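Trainee: Please take me through this structure, beginning with the terms you will rely on.

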Amino acid sequence: MAKKKKFYVVWKGKHPGIFETWADCKAQIDGVKGAQYKSFATFEEAKKAYNGNYLDFKGKSKGKSELTPEERLKIGDPNYNSIAVDAASSGNPGKMEYRGVDTKSKKVLFHQGPFEQGTSNVGEFLALVHGLAFLKQHKSDRILYSDSRIAIGWVRKKKCGTKLNKTAKNAQLFELIARAEEWLKKNRFNTPIVKWETKAWGEIPADFGRK
């Protein structure tokens, strides 16, 4: 199946505008602190967004409309006594980073990276383990949200199932994976890890906006 074309809006970057590829968009935001950008399904949506305010479009997801009112009611609202985690990779593999935020305020609680030659799945796994350690250290009863079923499964198995090849460039990343796996084996925790319902709630609050 052909990949659907996307249009990328850059409100704050080296050269604000509308771009047709992620590579062109990335070139405008790399190294720009507080860069503002987001992807859209059509040029019309992108144009409307570019002429509007970034804050009005940040974090919104078209997936919400795919659920019926009954389905949305069944899912309910997010538990805001929680931390949401996410990861992003510029390429597969590519530069990867992850973070955890307060679900309600979106305040960043921890952020790591970018790491060379990583993947989003690895980042999601590390973010979850980092979140578990963070909550245990602070003796918090908050839950953890992730939108990655793969990473949640890896954490439950206490093993990162990545097929990523180890190289000199990502050796540090593999050290972190080993430390995360060791932490899971040595530590007990009761923190619920819950799948973030993107279709009902929009993008996870920790999202990097690179969809």
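Mentor: A residue is called buried under 20% relative accessible area, exposed over 50%, and partly exposed in between (1.4 Å probe, protein chains only). Helices (H or I, at least four residues) and strands (E, at least two) are DSSP runs, numbered from the N terminus. The model is predicted, so local features need pLDDT of at least 70 and side-chain atom pairs count only at pLDDT 80 or more, while totals for chains, interfaces and linings use all residues. Residues are numbered from 1 along each chain as its sequence is written, and side-chain values use heavy atoms, with hydrogens and water left out.

Trainee: How many residues of E5 are buried?
Mentor: Eight of the nine residues in E5 are buried, which leaves this strand mostly covered.

Trainee: In what order do the strands of its sheet run?
Mentor: Five strands make up an open sheet of mixed pairing, in the order E6-E5-E4-E7-E8. Two strands count as paired if DSSP finds at least two bridges between them. Strand E6 (108-118) and strand E8 (193-195) are the edge strands, each pairing on one side only. From one strand to the next, the twist averages 20°. Axes here are lines fitted to C-alpha atoms, for helices over the stretch in contact, and angles run from 0 to 180 degrees between N-to-C directions.

Trainee: Which helices pack on the sheet?
Mentor: Helix H5 (residues 120-137) packs there, touching E4, strand E5 (94-102), E6, E7 and E8, and its direction makes about 155° with that of E4. Helix H7 (residues 171-186) also packs on the sheet; H7 touches E5 and E6, with about 130° between its direction and that of E6. Contact, or touching, means heavy atoms within 4.5 Å.

Trainee: How do E4 and E5 pair, parallel or antiparallel?
Mentor: They are antiparallel, paired over nine bridges, and a hairpin joins E4 to E5 through two residues. Val85 stands opposite Gly100 in E5.

Trainee: And how many bridges join E5 to E6?
Mentor: Six bridges join these antiparallel strands. Met96 stands opposite Phe115 in E6, and Val101 has Val108 as its bridge partner in that strand. Five residues lie between E5 and E6 in their hairpin, and Lys106 in the turn has a positive phi of about 65°.

Trainee: In what sense do E4 and E7 pair?
Mentor: Strand E4 (residues 82-91) pairs with strand E7 (residues 143-146) in the parallel sense, over three bridges. The bridge partner of Ile83 in E7 is Leu144.

Trainee: What else does Leu144 touch?
Mentor: Besides Ile83, its contacts include Val85, Leu128, Leu132, Pro192 and Val194, not counting residues up to four places away in sequence.

Trainee: Which residues of the largest nonpolar core touch the most other members?
Mentor: Tyr98, Phe125, Leu126, Leu128, Leu144 and Val155 do, in a core of 31 residues. E4, E5, E6, H5, helix H6 (149-157) and H7 each supply at least two residues of this core. H5 gives the largest share, nine residues. A second, separate core of nine residues includes Trp196, Trp201, Ile204 and Ala206. A nonpolar core is a set of buried Ala, Val, Leu, Ile, Met, Phe, Trp, Tyr and Cys residues joined through side-chain atoms within 4.5 Å.

Trainee: Changing topic, which residues of H1 are buried?
Mentor: Cys25, Gln28 and Ile29 are buried in helix H1 (residues 22-29). Seen down the axis of H1, the buried residues fall within an arc of 90°, so they line one face of the helix. That arc is taken from the directions from the helix axis to the C-beta atoms.

Trainee: What covers them?
Mentor: The cover includes strand E1 (7-12), strand E2 (17-19) and strand E3 (36-40). After H1 comes Gly31, which has a positive phi near 80°.

Trainee: Why does Cys25 count as buried?
Mentor: Cys25 counts as buried because its relative accessibility is 0%. Cys160 is also buried, with a relative accessible area of 7%.

Trainee: How many disulfides does the structure hold?
Mentor: The structure holds zero disulfides, a disulfide being a pair of cysteine sulfur atoms within 2.5 Å.

Trainee: Last one: is Ala41 buried or exposed?
Mentor: Ala41 is exposed, with a relative accessible area of 53%. Ala41 lies in the loop between E3 and helix H2 (43-50), and it touches Lys5 and Phe7, not counting residues up to four places away in sequence. Ala41 and Gly17 are 24 residues apart in sequence and 16 Å apart in space, C-alpha to C-alpha.
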